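Please examine the sequence and structure shown below. The briefing that follows is grouped by topic.

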Amino acid sequence: KEVEDHVMKYVLNGEHITKLCGVMSVIQSGRSKGFVGGHAQMFKGLFKAFGRRVLEALRPFMRSTIDLLVSSHKTQHKQSSDVYMGQQCLASEITGGLIRGMKYWKEEDAAAARSLCLEMLGAVVGAPEVESVGVWSSALRFAVFDRHPTRIGWLLTFLFDDAIPT
């Protein structure tokens, strides 16, 4: 209980989460230009242990990533490659961890998480670039690893039926 309280004190502090996302998304500070499974595993563990509270703490970062992707669709302009890729890498790790971690949640909370995941993946699929395709492919592999198809039917439906505009 003491450890949980300590972790939640950190996670629920918006300033700490902003700093964490800032550090984890900067290529120059040692962040690889790819999906890091260990990061996704950490987020999975946080989502599994602490539930929707972690999602709500990370929502501002996820929202800003979605907004960036949507605006780049319209303007065909994006940030520098390192900044853009750093943000994409971290967002993919959070998303992969979320998809795996939310399997332990109540249905109402899982539905909210699925909604955010689908919005993020929709923005990614609609992005006018291919630089981050490998990162997001790795995130999806992580997300579906060792999962029964009935548990990820919502994701499969999106990928096969809804992701590509007709």
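Is Arg53 buried, partly exposed or exposed? Arg53 is partly exposed, with a relative accessible area of 39%; buried means under 20% relative accessible area, exposed over 50%, and partly exposed in between, with a 1.4 Å probe and protein chains only. This is a predicted model, in which local features need pLDDT of at least 70 and side-chain atom pairs count only at pLDDT 80 or more, while totals for chains, interfaces and linings use all residues. Residues are numbered from 1 along each chain as its sequence is written, and side-chain values use heavy atoms, with hydrogens and water left out.

**Arg53 and its surroundings**

- Arg53 belongs to helix H4, residues 52–75; helices are DSSP runs of H or I with at least four residues, strands are runs of E with at least two, and both are numbered from the N terminus.
- Leaving aside residues up to four places away in sequence, Arg53 touches Glu4, Met8 and Leu12, where contact means heavy atoms within 4.5 Å.
- Leu12 and Arg53 are separated by 41 residues in sequence, yet their C-alpha atoms are 7.5 Å apart in space.

**The two sides of helix H2**

- In helix H2 (residues 14–24), the buried residues are Ile17, Cys21 and Met24.
- These residues lie on the same side of H2 because they cover an arc of only 75° around the axis, the arc being that of the directions from the helix axis to the C-beta atoms.
- On the other side of H2, the exposed residues are Glu15, Thr18, Lys19 and Val23.

**Cysteines**

- The count of disulfides is zero, a disulfide being a pair of cysteine sulfur atoms within 2.5 Å.
- Cys89 is buried at a relative accessible area of 0%, and its sulfur is too far for a bond because the closest cysteine sulfur, in Cys21, is 13 Å away.
- Cys117 is likewise buried, at 2% relative accessibility; the closest cysteine sulfur to its own is also in Cys21, at 15 Å, too far for a bond.

- Ser138 is located in helix H7, residues 133–144, and counts as buried at 19% relative accessibility.
- The side chains of Ser138 and Arg141 make a polar contact of 2.9 Å; such a contact is a pair of N or O atoms within 3.5 Å, and within protein one must be able to donate a hydrogen and the other to accept it, with residues adjacent in sequence counting only if both atoms are side-chain atoms.
- Asp146, in the loop between H7 and helix H8 (153–162), is exposed at 70% relative accessibility.
- Asp146 is a residue other than glycine with a positive phi, near 60°.
- Most residues other than glycine have a negative phi.
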